[in-house]
Amino acid sequence: PAFRGPSITSSAHMPVAANTGPSTQLRRAPALGLRMSSDDLEVGVSDDVQNVGRGTLLSKDGDAKTEVTGKVKGLYEAYPYPPEAVFDGATVGYNHRWSWTHANAFLFGEAPEKNDIEILDAGCGTGVTAQYLSHLNPRAKHFDALDLSEASLAIAKERAERAELVGNPNNAIFHQMSLYDVADLGKTYDFVNCVGVLHHLPDPDGGLRALAERMKPGGIMHIFVYSALGRREIMLMQEALALLQEGKTDFVEGVAMGREIFKVLPESSRIKTREKERWEMENERDSTFADMYLHPQEVDYTVPTLMQWVDTVKDLDVHFAGFSNPKMWDLERVLKGSPELLAKAKSLPKRQQYRLVELLDPDTFTHYEFFLVKGEKEFKDWTKASDADLKSAKAIRQAGLQPWPAQRVFDEMYNLIQLTDAEYEFLQKCAQDPTVESLEWDDVEEPRAISEIMEEMENKITNEEILRLVKLEFLFLRA
């Protein structure tokens, strides 16, 4: 199962291409490490550092946006992505980012009032995330998934059929189209997912805005984009291959050439060392190797440029709501040994705290995963609730507890958590957040009040134990 640690697929999904409107100049950010004020920053990539996506090696003539779009499409027709196998039966695993209930509890402190939501998966690729979104949101009433690659969509449709999702209202309706044209579907959405897509667009600002404009009030968007600091060696290899291919986009040749380079590089090479330590296993597949080292267009962010980018949709009342892996951004993880430094770091504004963490531990952050929300909603802090309010709350057990049923289960960082006898009994009596299987098996219970559950328990559970389950996100509460 995939919890709040690494995502199920650590590389990008198939991007959707820009429309063929007027030419847009590709934007470049200043070189990494250059001291500049936030007002001077430009969102995008750095010519000085990465020469990313062979953008400067593409033809200067004609519509650069259209040219890049065509090359991106060509990559994913040659190597459909992600390359996860298609299998029969239900999805295996769990990811809180794709559960409407869990995402709401994470962001707002409580489970949502409704689950009959409308979902958009923008850049669905071969349908891995679409399958998870269907699996974890079985009461969704409409689900659109779009992508530009015909080859990838064919696999996505097969994946849904073999998972026996076809015919369910929550199964994705697949569209071969540009992300920029999402308004043509005539829908707005409660839950938008865009994994590994926006950083491959020639105009990430326009792509983000196109999605933000389709969010309903109270809607949530989950985004995954690349981080520059943790991908330094990847950038170097990208540029090396671009130089050797002299601007061509022959992806099969590029994969062969890249593998030969890794074979002959000295062991002391930073590029080779990083590949072995971090990427070698998943890059055994040519599609992953090509997506990483041969992509025709890539934008890599730092915390300052990321925040500047997401702020471009503030006028739509869409706001940054936090990283979806917050423990990785905890200052105590990097400065725990020095109380004085830790206190000084915690006095910084939140965005500067994020920047400090990535500067002190750059290799950890190869990408950013985060939520945006439309509108403002107060966070429900159950530790401050009265005893009566707590006991009247409806209790919902997380659908992804593993192993289950068991008194020792994994948390989101794969730590084994020992449940007390009362906690274990309580969770067993809670209604589980439904999945496709639980609906099909007619095994869905409606959430009950905590007080009602407590009345039938043999072990007496304390408020402290209930709140611990909430903190662990094993338990979701709804007022």
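This briefing describes the fold of one protein chain, from its overall make-up to single residues. The structure is a predicted model. The secondary structure of the chain comprises 18 helices and 13 strands. Of the 479 residues in the chain, 57% are buried. Among the contacts with a separation of 6 or more, 80% are between residues 24 or more positions apart.

**The open sheet**

- An open sheet is formed by 7 strands, in the order β3-β2-β1-β4-β5-β7-β6, and its pairing is mixed.
- The edges of the sheet are β3 (173-176) and β6 (318-323); each has a single partner strand, so one side of each lacks a neighbour in the sheet.
- From one strand to the next, the twist averages 20 degrees.
- Helix α2 (residues 100-108) lies across β4, β5, β6 and β7 (367-374), and this helix runs at about 90 degrees to β5.

**Strand β4 and its partners**

- Strand β4 (residues 189-195) is mostly covered, with 7 of its 7 residues buried.
- On one pairing, β4 and strand β5 (residues 215-226) run in the parallel sense over 6 bridges.
- Within this pairing, Phe191 stands opposite Ile220 in β5, and Val192 stands opposite Met221 in β5.
- Strand β1 (residues 118-122) also pairs with β4 in the parallel sense, over 3 bridges.

**The nonpolar cores**

- The largest nonpolar core contains 45 residues, and those with the most contacts inside it are Leu179, Leu198, Trp309 and Phe370.
- The element that gives the most to this core is helix α10 (residues 303-310), with 5 residues.
- Apart from this core lies another, of 35 residues, which includes Phe106, Ala172, Val195 and Val373.
- Leaving aside residues up to four places away in sequence, Leu198 touches Leu179, Pro204, Gly207, Leu208, Leu211, Ile223, Val225 and Trp309.

**Helix α10**

- Helix α10 is mostly covered, as 6 of its 8 residues are buried.
- These buried residues are Val303, Thr305, Leu306, Met307, Trp309 and Val310.

**Helix α8**

- In helix α8 (residues 270-279), the buried residues are Ile271, Lys272, Arg274, Glu275 and Trp279.
- Viewed down the axis of α8, these residues fall within an arc of 165 degrees, so they line one face of the helix.
- The face turned away from the buried side of α8 carries the exposed residues Arg270 and Glu277.
- Among the elements that cover the buried residues of α8 are α6 (232-244), α7 (251-264) and α9 (286-293).
- The N-terminal end of α8 is capped by Ser269, which has a side-chain oxygen 3.2 Å from the backbone nitrogen of Ile271.

- Arg397 belongs to strand β8 (residues 394-397).
- The relative accessible area of Arg397 is 9%; because buried means under 20%, Arg397 counts as buried.
- Not counting residues up to four places away in sequence, Arg397 touches Trp404, Leu427, Gln428, Cys430, Ala431, Gln432, Asp433 and Phe474.
- The side chain of Arg397 reaches the backbone oxygen of Cys430 at 3.0 Å.
- Arg397 and Lys429 are 32 residues apart along the chain, and their C-alpha atoms are separated by 8.9 Å.
- Thr129 is located in helix α3 (residues 128-136), and at 1% relative accessibility this residue is buried.
- The side chains of Thr129 and Asp121 are joined by a polar contact of 2.7 Å.
- Thr129 and Trp98 are 31 residues apart along the chain, with 7.8 Å between their C-alpha atoms.

Key. Residues numbered from 1 in each chain as written. Predicted model: local features only at pLDDT ≥ 70, side-chain atom pairs only at ≥ 80, totals over all residues. Heavy atoms only, no water. Core = buried A, V, L, I, M, F, W, Y, C linked by side-chain atoms within 4.5 Å. Buried < 20%, exposed > 50% of the residue type's maximum accessible area, 1.4 Å probe, protein only. Helix = DSSP H or I, 4+ residues; strand = E, 2+ residues; numbered from the N terminus. Contact = heavy atoms within 4.5 Å. Pairing = 2+ DSSP bridges. Axes fitted to C-alpha atoms, helices over the stretch in contact; angles between N-to-C directions. Arc of directions from axis to C-beta. Polar contact = N/O pair within 3.5 Å; in protein donor to acceptor, adjacent residues only side chain to side chain.
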